[in-house]
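Biologist: I would like to go through the labels attached to this model, and for each one hear which value it rests on.

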Amino acid sequence: MTTVHIYSKTLDGHRAEYIELFARELAQMGVTSAAISDPREAMRSPRVVFAMLDEDIATFIKATFLSIFTRSKIVALFFRPRECFLPGMRYKFKYIVFRAMKLFGRAKIFTILPFSVDDRFDRVAHSWIYDPQLWDLLVFDPPTSAPIEAIDEIKNAARGRVIVSALGAQNPGKGFGSFCQMWASSQSLRETHLFVAAGKVVKECKELGKAFEAQGGILLDRFITENELHGIYRASDLIWSAYSPQYDQASGICGRAYQYGLPVVLRSDSYIETVMTELHHQHLGLPLLDVGADAERMQSFVPVRAKKPTDKMDEMRLGFRAFLENVAS
């Protein structure tokens, strides 16, 4: 059988693990695969998966056009379909492109959010799967190495308080401003909770980070390894995924929390709140309009760690394999 190529423009951050997931699942299906990052290879390949089409829409469009002549098989995951429905000419053009590609293109486009969160997605994609980071720990065994100094620091600093962790890149889209402002707004919250931000802080948020740390929050302003990431999940009671309205999409941080059975903090009426509600996963929805009121809501919320949702994760994994069948068969 022809090799399936898995295209990703870069392998930065934790993306290498994400690409490895595709390779392992294809191997389980008896299909050989190879990761590629050269757009020319993606356009030449007779079978190609665009693991994240949003990162290189131009190459995806070119490959889809060429497939009319080459008859190649192409499938792609669409991370930000919401942008097709935003106001402005740029987004209107994006809608027209993806609407046409769904109606006339050979490539199969899948969102990583259920159509139930926004039925308009059906206009620009053929179908959907659950975000692989809602179930990928069925494939990757979480690291369980010796204790890590940073994790010990968090546990020692907590002194019995509820540990609320914001993981990954710290920027406005990920709600870092709201996270820091809530921490600063309430002395009583700081007495009952410990806020932890673990991930590289962008330049425009550096001052916020300094103030957050000065008031007793724990800030790990650097790249967080997989080992550390899983250690912080295990140490935490609540995971922050209350992102800005501009960042309304699937969240791998929230997905991993789901796998760990950890309650999450979400922005009210966001796509991921809808997903967590449908999955019956405990979460705290915050409007993010009044930090004082949000702090009070957090203090009254009692997080309860749930059992690992293995049966649902197995179902999601089968859906992912059905997605891959479009290019593997």
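Modeller: Start with the rings: Tyr18, Phe22, Phe79, Phe110, Trp135, Phe320 and Phe323 are linked by ring pairs into a cluster. The model is predicted, so local features need pLDDT of at least 70 and side-chain atom pairs pLDDT 80 or more, while totals for chains, interfaces and linings use all residues. Residues are numbered from 1 along each chain as its sequence is written, and side-chain values use heavy atoms, with hydrogens and water left out.

Biologist: How many aromatic pairs does a search of the whole structure find, and what makes tyrosine 18 and phenylalanine 79 one of them?

Modeller: The search finds 20 aromatic pairs. The rings of tyrosine 18 and phenylalanine 79 are 6.2 Å apart, centre to centre, with 80° between the planes. Rings of Phe, Tyr and Trp (its six-membered ring) pair if their centres lie within 6.5 Å; planes under 30 degrees apart are stacked, over 60 edge-to-face and the rest tilted. The pair is therefore edge-to-face.

Biologist: Why is this pair said to tie parts of the chain together?

Modeller: Tyrosine 18 is in helix α1 (residues 15-28) and phenylalanine 79 in the loop between β4 (73-78) and α4 (89-104), so the pair ties together parts 61 residues apart in sequence. Helices (H or I, at least four residues) and strands (E, at least two) are DSSP runs numbered from the N terminus. Tyrosine 18 and phenylalanine 79 are both buried, that is, under 20% relative accessible area with a 1.4 Å probe and protein chains only; over 50% is exposed and in between is partly exposed.

Biologist: What makes arginine 71 exposed?

Modeller: Its relative accessible area is 55%, and the cut-off is over 50%. Arginine 71 is in the loop between α3 and β4, and its phi is near 65°, a positive value in a residue other than glycine. Arginine 159, in the loop between α5 (149-158) and β7 (162-167), has a positive phi near 50° and counts as exposed at 65%.

Biologist: Why is aspartate 56 said to have no salt bridge?

Modeller: The nearest side chain of opposite charge, lysine 9, is 4.7 Å away.

Biologist: Which side chain makes a polar contact with that of aspartate 56?

Modeller: That of tyrosine 7, at 2.6 Å. The limit is 3.5 Å between N or O atoms; within protein, one must be able to donate a hydrogen and the other to accept it, and residues adjacent in sequence count only if both atoms are side-chain atoms.

Biologist: How do you know that β3 pairs with β4?

Modeller: They share 4 bridges in the parallel sense, and DSSP must find at least two. Valine 49 stands opposite valine 75 in β4. β1 (residues 4-7) is joined to β3 by 3 bridges, also parallel, with isoleucine 6 partnering valine 49.

Biologist: What leaves one side of β2 and of β6 without a neighbour?

Modeller: The 6 strands form an open parallel sheet in the order β2-β1-β3-β4-β5-β6. β2 (33-36) and β6 (127-128) stand at the edges with a single partner strand each, so one side of each is left without a neighbour in the sheet. The partner of β6 is β5 (residues 108-111), joined by 2 bridges, and threonine 111 has tryptophan 128 as its bridge partner.

Notes
Lys, Arg positive; Asp, Glu negative; His and termini not counted. Salt bridge = Lys/Arg side-chain N within 4 Å of Asp/Glu carboxyl O.
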